[in-house]
Amino acid sequence: MWMRSDQMLRTQTVLGQILARVADDDQYRRWMGQVDRAGYCVRPVQLAGSATTVNAATGEVEASYSSSAEPGGVLLVACKDRRESVCPPCAARYRSDAWHVFAGGVSRALPAPDSDAAGSPLVLATFTAPSFGRVHAARDGGVCRAARTGRRDGGRGTRVCEHGRPLGCPARHTPGDGMVGAPLCTDCADLAGLVLWNAHVGELWRRTVIYVYRALAALAPALGGRPVGVRQIRDLLRLSYVKVTEFQKRGVVHLHVLARLDGVNPDDPDALVPAPAWAGVELLTAALKQAGARASVPLPVVDSRTAAMARWGNQLDVRPVRASAVDGARVAGYLAKYATKTVSDSVSGLPASRPRGDDPDMAGARAIPAHVAALTDAVRRLARLATCRTLRLARHIHTLGFRGHVTSKSRRYSTTFAALREERRAWRQARARERDPWAHERDDAQCVVVGDWRIAGIGYRTLGDRVLAEVLGREHRQAREAQRLGLTA
Ligand SMILES: [Zn+2]
Ligand SMILES: [Zn+2]
Ligand SMILES: [Zn+2]
C-alpha cells in the first residue's frame, strides 16, 4: 500500500524528531526523567526559569536550579487535568486520588476493631433533576416513547403537540445513539428551566443539607424523655459527605452523594466519633428523603412557563453501603469514574473546557446537534436578562449553566486531594534523598526556595516528542501492570 506524499512527509518529519530526541544519550535521559515525573502527561506545561534555595539564617545560597540545563531549556510539569477526554494519564492519577478520597470516607464508617459498635451509617444517594419535557430514551431494546395523550394529526393519526411534532417515538435507540436525551420537541421542552436548574443545583444542595439536619431532629427518638431540637441536633450528629456531579444526556446534572452520619465530640470537633446507636442507616435514609422532598431554591423570573422554584426530581435513590472493604471499594470506584467525566462525554457537541473569549461561540467544538445548540442558545438568552445577571451565565455556556465543581466534599469526610499530593511530594523527596544522602542537609526548615518561573508553552515541543512520550507511557503502564500481577520481581 502506498502512502500519500503528504502523509509520508509527515511520518518522515516525526521520525526525524524522534531520532533527534534520542540522539544524545544524556539529554535523552534527562528528557525521559522529566516525562516520567510529569506522569506521562499528554500535554504538559513547559516551564522556564530558575529556583534558588537560600538559607534564611545565613543568607547563603544552598542550591540552585535552572531550567536552562534541561533539554530545550524547559521543565515539563503535568497538566493535572482531571478530564479523561483531555489528558488520560493525568485523569488516571486524579481518578486514583479520587478513589482514595472516597474510599477513605468509607473506611471511616467502619467500627473500631476492638469495639462491638456497628460503625457509622453510610449510604449512596442519587439526587436527580425533575423533567423539563419529554426526551428520546434508550430502553434496553424497547420502544422509545408511546404517545397516549395529545390531539391526533389529521391524516396519519399520530398524536402531536401544539407545534405539530409527534409526542411519541417508535424507534429503538441504543445508548450511543445521538438522539438519546434530545427533546421530542425543543419548543415544548423547558430549556430555560433546565439551564436555571443547572445554575442553582449547588444552592439546592446547600439547602438540602440544612433540611437534613432539620429532618434528623424531627425523626430522632426522644432522648432522656425529651424530643431533640433543631439546635441540639448538630451537637449530636454530623452529616459528612462527598458528592460528584454527573451530566445526563439530556444536559441536566444530577448528584451522586456518598453520605455518612457521624457522632460529635463537643470538646474536639475534629475527632472522628461513630454515630450513636440510635442513629442508624434507616434514620439517615429517611432524613435524606425528607430533605430531598422539601428543599427548594427560588429561581429568577424569566418567562411565564418556567417554574418559580428549583426542586429535586422525584426519583431520589438512597442505598445503604455496607462499610466492608469490597462494597466500599466498589462504590469509591463507581464515583471516581464519574469524577473524571466532562459534560462533553455526556452531551455531544460541547467542548471539554470553556472556549476562550467572552461570548464563546463553541468554535472548535465538534458539530453541535440541534437540541444541544438550542440549549446553548437558551443559556445565551438567559445570560442577557437582567434577572439572571448575578448568575454570570455567559461564562458557563459550555456547561449549560452549571457553575460548580464536579467533585466536592464536606470538611471532615476524609482526606483531601491536597493531602494526597503532599504525601506524593514527600515520597518523591524521600526517594531523592535515598539516592543523594547529602540532600537532607539542604532540606532544612531554615531554607527558603525562591523561584522565578514562566510558562514557555503547553504540550510537547514536537509531534515526535509527543509520540515518544505516549510510547514511554504505555511501556510504563504495562510494566506496572506486570508488577501488579506478579509477573516480574
Ligand atoms: Zn496531563
Ligand atoms: Zn426516540
Ligand atoms: Zn411542541
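**Reading the zinc sites**

Modeller: Let's start with one residue: Cys185 is buried, at a relative accessible area of 6%. Buried means under 20% relative accessible area, exposed over 50%, and partly exposed in between (1.4 Å probe, protein chains only). Before going on, note that this is a predicted model, where local features need pLDDT of at least 70, side-chain atom pairs count only at pLDDT 80 or more, and totals for chains, interfaces and linings use all residues. Residues are numbered from 1 along each chain as its sequence is written, chains are lettered from A and ligands numbered from 1 in the order in which they are written, and side-chain values use heavy atoms, with hydrogens and water left out.

Colleague: Which protein donors does the zinc ion (ligand 3) have?

Modeller: Donors are N, O and S atoms within 2.8 Å of the metal (3.2 Å for Na, K and Ca); water is not among the atoms, so sites may look incomplete. Here they are Cys161 (SG), His163 (ND1), Cys185 (SG) and Cys188 (SG), 2.1 to 2.4 Å from the zinc ion (ligand 3). His163 and Cys185 both sit in the loop between strand E6 (159–160) and helix H4 (191–219), 22 residues apart. Helices (H or I, at least four residues) and strands (E, at least two) are DSSP runs, numbered from the N terminus. His163 is partly exposed, at 36%.

Colleague: And how do I read the geometry of the zinc ion (ligand 2)?

Modeller: Ideal angles at a metal are 109.5 degrees for four tetrahedral donors. Four donors count as tetrahedral if all angles lie between 85 and 135 degrees. The 4 donor atoms around the zinc ion (ligand 2) subtend angles of 107 to 114°, so the arrangement is tetrahedral. Those donors are His136 (ND1), Cys144 (SG), Cys169 (SG) and His173 (NE2), at 2.0 to 2.4 Å, and their spacing in sequence is H-x7-C-x24-C-x3-H. His136 is buried at 10% relative accessibility, and Cys169 is buried too, at 8%.

Colleague: What about charge: which side chain of opposite charge is nearest to Arg250?

Modeller: A salt bridge is a side-chain nitrogen of Lys or Arg within 4 Å of a carboxyl oxygen of Asp or Glu. Arg250 is buried yet has no salt bridge: Asp190, the nearest side chain of opposite charge, is 10 Å away. Still, a polar atom of the Arg250 side chain lies 2.9 Å from the backbone oxygen of Pro130. Arg250 itself is in the loop between strand E7 (237–247) and strand E8 (253–263).

Methods
Lys, Arg positive; Asp, Glu negative; His and termini not counted. Polar contact = N/O pair within 3.5 Å; in protein donor to acceptor, adjacent residues only side chain to side chain. Tetrahedral: all angles 85-135°; square planar, octahedral: opposite > 155°, others 65-115°.
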